[in-house]
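Here are some notes for a first look at this structure. Please read them with the model open beside you.

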Amino acid sequence: MFSMSSSTKISAPLLPSSLLGNHSKESVILAVTLCLVSTVLYLSKPSRAIVLSKNSSSSSHPRRATKQQITSPLMSPRPALIDVSEIFTKEELNALLVCWNEETPRGRFLNDRHGYTHFQFLKCEQEGQQGITTDDSSPRTSKGLIVVCHGLGVSYYAFDKFAKYMNNVGYSVLQYDYYGHGYSKYDGDMFVEYDKEMFVDQLEDLLEFVEKETGETCIGMVGHSTGGIVCAAANDRWNKDGNSRSIVPKLILASPAFFAEKPFMARVADQIPNILTSIMKNVPASRAIIGDSYMEAGEIAFAHDPASGKTIYAAEEKAKRDSDRVLFGKIKGKKKHPFLEGGILGINCHTLRGDLLEGHRKMLLDVLQHQGSDSDSCKKSTYILWIWGNLDKTVPFKENISLVQKWEEEYDNFHLVIQDRIGHEMFYEDSQAISRLVIDFLDA
């Protein structure tokens, strides 16, 4: 059995520089300690993992079934609006309001089968918004509803500019937060096993409610990064025989996370997800690694000029970094987001884990290969637009572009657009340029 005495010192210089990044010495030592503890546990347990019981988390709503018991919307309470006062403790809400610099949350909350989803529905406006304009200033009805699925670690607020652009040209827009992100809250342990089925459950409940309330039908989904997997997983489920819900005919996948370049701790989590989750759950101080790792990944998320190495969208990158510092409690005197660390780890371990990505790519191809018929309104073909920045290192462009170009050659319903001098965070970098591509695709 490996042991380390209390006098043993781990110094940063002993570690490979590629693992250090810009972490503090204390953060690196904690990361190494976690790895050593995880290794010991991994080797000493016959099961090779500390498995968290899925039924162990308490719930303030006994009427809701556990995740294992809920397999379809028919088995869960119908989604309904709920007041913010019924969701959070006073301490949780105060921390969230500080994180988002608000006096009260904007948007509404839906009580769904797994928790509480924070969302905003922007009905198509006739005139008066700034941004993209059209020559036709006459009153118009909505061209249809589009839903926006965000990436890891952010909220739907990241898409506000994009939503206004789309709204201004005639589309109603639905934005929402994943559990543990923004103001959305999972009903149970914050370290949720956030797999693609839970993503689709959440989206399914939200669309059911909004479409019924507004009378609109979802005609397109926009997914950035992790959101790209969510969009594909939704249509994959809705394509299946026996599912009564119609597929969404057009998907826009913006730098979708079907490939990944991960920071060190995220790679550790890939190898021992259950052990690492157990450590994070039981040793609160260890959770700082999640924020550090996320912010390390953020260092390559914005486009850098190949010649100078400088960030092309420096102001936007700084604004995102400053926001992240608040969310992860890096600002003295400000409490961190109460659920974000659990949400990020849960998604990384159960949706973005390295060994799952090949299966996600196969799922995407299954969606592309499904040839529906006009006579079957629920099972028509899916048309996909993949938007990719040629300076994206988070979903590595150079290493994987040839495969995606091959898909474009093989499938008539798949179109690839490459954006020059754009990185992974394209909705922060140039939201208006992305919105024009989306509008052209939806209007076609």
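Which side chain does the side chain of Lys262 join through a polar contact of 2.9 Å? The first point takes this up.

1. **Lys262 and its partners.** The partner is Asp270: a polar contact of 2.9 Å joins the two side chains. The side chain of Lys262 also makes a polar contact with the side chain of Asn348, at 3.4 Å. Lys262 sits in the loop between β8 (250-254) and α7 (264-271). Its relative accessible area is 14%, so Lys262 counts as buried. Leaving aside residues up to four places away in sequence, Lys262 touches Arg267, Asp270, Asn348, Leu352, Arg353 and Gly354.

2. **Confidence.** This is a predicted model. The mean pLDDT of the chain is 84. Of its residues, 77% reach 70 or more. Two stretches call for care. Residues 1-23 have a pLDDT below 50, and this stretch has 23 contacts in the model beyond near neighbours in sequence. Residues 39-74 also have a pLDDT below 50, with 54 contacts in the model beyond near neighbours in sequence.

3. **The chain as a whole.** The secondary structure comes to 15 helices and 10 strands. The chain has 444 residues, and 54% of them count as buried. Among contacts with a separation of 6 or more, 78% are between residues 24 or more positions apart. The accessible surface of the chain is about 20,300 Å². Carbon and sulfur atoms account for 52% of that surface.

4. **The largest nonpolar core.** How many residues does the largest nonpolar core hold, and which of them touch the most other members? The core has 113 residues, and Leu203, Met221 and Trp386 touch the most other members. Helix α5 supplies the largest share of this core, eight residues. As background, nonpolar side chains tend to be buried together in soluble globular proteins.

5. **Around Trp386.** Not counting residues up to four places away in sequence, Trp386 touches Leu253, Pro256, Phe258, Phe259, Leu364, Val404, Trp407, Phe414, His415, Leu416 and Val417.

6. **Asn400, in helix α13.** Asn400 lies in α13 (residues 397-410). Is Asn400 buried or exposed? Its relative accessibility is 15%, so Asn400 counts as buried. A polar atom of the Asn400 side chain lies 2.8 Å from the backbone oxygen of Pro396.

7. **Salt bridges across the sequence.** The structure holds 26 salt bridges. One of them pairs Glu213 with Arg108, with the closest N and O atoms 2.8 Å apart. Glu213 lies in helix α5 (residues 196-214) and Arg108 in strand β2 (residues 108-111), so this pair ties together parts that are 105 residues apart in sequence. Both ends are partly exposed: Glu213 has 40% relative accessibility, and Arg108 has 32%.

8. **A pair with a wider span.** Asp443 forms a salt bridge with Lys143, the closest N and O atoms being 3.3 Å apart. Why does this pair tie together parts that are 300 residues apart in sequence? Because Asp443 lies in helix α15 (residues 431-443), whereas Lys143 lies in the loop between β3 (115-122) and β4 (145-149). Asp443 is partly exposed at 41% relative accessibility. Lys143 is partly exposed as well, at 42%.

9. Lys240 and Asp236 meet through their side chains in a salt bridge of 3.0 Å, N to O. Lys240 is partly exposed, with a relative accessible area of 41%, whereas Asp236 counts as buried at 15%. Elsewhere, salt bridges with shared partners join Arg113, Lys196, Glu197, Asp201, Glu204, Asp205 and Arg237 into one network.

10. **Helix α3.** Which residues of helix α3 (residues 90-99) are buried? They are Glu92, Leu93, Ala95, Leu96, Leu97 and Cys99. Their cover includes β6 (185-186) and α10 (314-327). After α3 comes Asn101, with a positive phi near 55°.

How values were computed:
Residues numbered from 1 in each chain as written. Predicted model: local features only at pLDDT ≥ 70, side-chain atom pairs only at ≥ 80, totals over all residues. Heavy atoms only, no water. Salt bridge = Lys/Arg side-chain N within 4 Å of Asp/Glu carboxyl O. Helix = DSSP H or I, 4+ residues; strand = E, 2+ residues; numbered from the N terminus. Buried < 20%, exposed > 50% of the residue type's maximum accessible area, 1.4 Å probe, protein only. Contact = heavy atoms within 4.5 Å. Areas by Shrake-Rupley, 256 points an atom, 1.4 Å probe, with all protein chains shown as cover. Polar contact = N/O pair within 3.5 Å; in protein donor to acceptor, adjacent residues only side chain to side chain. Core = buried A, V, L, I, M, F, W, Y, C linked by side-chain atoms within 4.5 Å. pLDDT = per-residue confidence, 0-100.
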